[in-house]
There are 2 protein chains.
Amino acid sequence: MPRISESTVRRLSHYYRALAEVEAEGGDVISSQRLAEREGTTPAQVRKDLSHFGSFGRRGLGYNVAHLRREIRRILGLDRRWRVAVVGAGHIGAALLGYRGFSAQGFDVVAVFDNDPQRIGQVLGAVQVRDVAELRAAAAAEAFDIGVVATPPPTAQAVADLLVSVGVSAILNFAPRKLFIPARVALRNVDLTMALENLSFALTPARGSRRRRAQD
Amino acid sequence: MPRISESTVRRLSHYYRALAEVEAEGGDVISSQRLAEREGTTPAQVRKDLSHFGSFGRRGLGYNVAHLRREIRRILGLDRRWRVAVVGAGHIGAALLGYRGFSAQGFDVVAVFDNDPQRIGQVLGAVQVRDVAELRAAAAAEAFDIGVVATPPPTAQAVADLLVSVGVSAILNFAPRKLFIPARVALRNVDLTMALENLSFALTPARGSRRRRAQD
DNA sequence: TAGATTGTTAATCGATTAACAATC
DNA sequence: TAGATTGTTAATCGATTAACAATC
């Protein structure tokens with residue numbers, strides 16, 4: 001019932017990874033202390049994050065690795081598969097199709113669309129690129145859960161509108177552009193431009209030229 | 001002097017984009033109100049963010065579009081170029097090399113390394129893939145500012161260590177793995193797996209099976 | 001001048017951290 | 001039992017929002 005922050009969900013992903021590793025290493029039980037160390041956070045934070053969803057540990061002992069991993073898997077919804085349609089068959093679209101982690105995570109790319117005649121008909125991964133004009137009909141027949149926007153910025157909003165109108169439940173946006181969509185549709189952005197600009201900021205020492213001087 | 005939050009920097013990127021568009025549309029002056037609307041935030045937030053760096057507007061009038069854009073450009077450090085070395089010439093590495101936004105943002109990919117003999121020698125974009133064993137010598141000669149980790153997770157930490165040891169100032173990490181590096185080296189992560197898991201969480205309604213029931 | 005809008009201070013909100021009783 | 005570690009409540013911290021005097 002309490003709203004879960006995006007930071008908490010991000011950390012759950014981290015814990016999930018760490019637990020998979022620990023399990024592979026043959027670890028049986030882990031404390032919030034050790035789990036925190038592995039992912040660069042604090043024990044209190046680990047316990048607080050988990051407490052939003054239930055009690056998964058045993059006082060005095062810690063957490064059963066396999067059990068906690070299954071629970072987080074369920075919490076994150078990774079115990080089912082999602083049908084994904086990608087719009088845009090450029091560099092990013094192609095990289096996504098070649099990315100094995102995608103399907104390992106339960107995401108099946110079942111369709112790719114583009115509007116460039118040169119790209120339509122090409123085969124990426126296991127699917128053939130179709131004309132975006134066919135997207136509406138395809139959606140009716142194939143029930144996409146998630147739409148991926150991998151087009152240039154100027155067309156991103158129109159593509160998002162189209163995906164919303166055919167009923168996707170979520171959009172993953174790779175275009176460096178703010179998308180406006182109804183609150184009922186989940187939206188996450190993977191923005192390389194923003195990461196670069198963040199990095200550039202971190203690398204730039206001489207900011208705040210307008211700051212007051214020492215004697216002020 | 002006050003520490004600037006990553007959220008603030010992210011929003012500066014958004015404002016920068018919006019200003020570029022407004023300028024292209026011929027807009028001369030813009031209020032915090034209109035700027036906020038375009039990027040889905042609030043006028044107070046816009047003014048607060050900018051106030052960390054100086055006073056760029058005029059009371060009663062708003063902000064001069066071209067001027068504010070230049071100022072944010074300077075704040076973000078986008079008025080210079082960075083020398084980037086990419087390690088890992090797989091799907092992601094290839095997508096980066098094909099990504100025009102990279103160089104448009106001031107980031108020049110001057111070298112690509114891999115350890116796969118099949119990939120060494122291939123030409124990606126304008127550069128030839130070199131053996132990662134040559135990275136140390138190349139760094140001495142070519143002075144990389146930024147290292148990009150685009151390898152599979154198991155080698156990501158070792159690659160990061162190598163990049164730190166040859167003196168890069170920042171690392172951009174695409175591997176779904178927490179990297180531990182010295183505080184003096186800036187780190188940003190672009191994590192597709194995390195975005196997917198976040199989306200999966202948002203799509204999953206039946207969480208918190210361990211939550212107390214109504215009568216408790 | 002009157003209306004508009006900034007820059008900044010104060011109030012609110014939410015997330016992180018600390019502390020500790022419960023209990024294995 | 002004694003030591004360890006959870007789950008949860010309280011304290012702290014930081015970021016967002018609201019309010020308003022300054023001023024174009």
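A polar contact is a pair of N or O atoms within 3.5 Å. In this predicted model, a polar side-chain atom of A:Gln45 lies 3.4 Å from a sugar or linking oxygen of DNA strand C, so the pair falls within that 3.5 Å limit. A polar side-chain atom of A:Arg58 is likewise placed 3.4 Å from a sugar or linking oxygen of DNA strand C. From chain B, a polar side-chain atom of B:Ser32 approaches a phosphate oxygen of DNA strand C to 2.6 Å.

The surroundings of DNA strand C comprise 26 residues, and the closest are A:Arg59, B:Ser32, B:Arg47, B:Gly57 and B:Tyr63. At least two residues of the surface near DNA strand C are supplied by each of α1 (6–24) and α3 of chain A, and by each of α3, β2 (57–58) and β3 (62–64) of chain B. The largest share of this surface, 4 residues, is that of α3(A). Sorted by class, the surface near DNA strand C holds 5 nonpolar, 12 polar and 9 charged residues.

DNA strand D was examined in the same terms. It is surrounded by 26 residues, of which A:Ser32, A:Arg47, A:Gly57, A:Tyr63 and B:Arg59 are the closest. Among the atoms of DNA strand D within 4 Å of the protein, 59% belong to sugar or phosphate, and the rest belong to bases. A phosphate oxygen of DNA strand D lies 2.6 Å from a polar side-chain atom of A:Ser32. A polar side-chain atom of B:Arg11 is 3.1 Å from a phosphate oxygen of DNA strand D, and an N or O atom in the side chain of B:Gln45 is 3.4 Å from a sugar or linking oxygen of DNA strand D.

The elements giving two or more residues to the surface near DNA strand D are α3 (43–51), β2 (57–58) and β3 (62–64) of chain A, together with α1 and α3 (43–51) of chain B. Here the largest share, 4 residues, comes from α3(B). The residues of the surface near DNA strand D divide into 5 nonpolar, 12 polar and 9 charged.

The contact between the two protein chains takes 70 residues from chain B and 69 residues from chain A. About 6,100 Å² of area is buried between chain B and chain A, with carbon and sulfur atoms giving 63% of that area. Between these chains there are 20 residue pairs in polar contact (both at pLDDT 80 or more). On the side of chain B that touches chain A, two or more residues are given by α1 (6–24), α2 (32–39), α4 (65–75), α5 (91–97), β9 (170–173), β10 (186–189) and α9 (192–203) of chain B. The largest share of that side, 12 residues, comes from α9(B). Its residues comprise 35 nonpolar, 18 polar and 17 charged.

The count of salt bridges between chain B and chain A is 4. B:Arg17 forms a salt bridge with A:Asp191, in which the closest N and O atoms are 2.4 Å apart.

Over all chains, the structure holds 24 salt bridges. Within chain A, the side chains of A:Asp145 and A:Arg80 meet in a salt bridge with an N to O distance of 3.6 Å. A:Asp145 lies in the loop between α7 (135–142) and β8 (146–149) of chain A, whereas A:Arg80 lies in the loop between α4 (65–75) and β4 (82–87) of chain A, so the pair ties together parts that are 65 residues apart in sequence. Chain A is divided into domain 1 (6–75) and domain 2 (82–198). The C-alpha centres of domain 1 of chain A and domain 2 of chain A are 32 Å apart.

Note on methods
Residues numbered from 1 in each chain as written. Chains lettered and ligands numbered in written order. Heavy atoms only, no water. Contact = heavy atoms within 4.5 Å. Buried area = accessible area lost by both parts, 1.4 Å probe. Polar contact = N/O pair within 3.5 Å; in protein donor to acceptor, adjacent residues only side chain to side chain. Nonpolar A, V, L, I, M, F, W, Y, C, P; charged D, E, K, R; others polar. Near = heavy atom within 4 Å. Domains from an automatic or database assignment.
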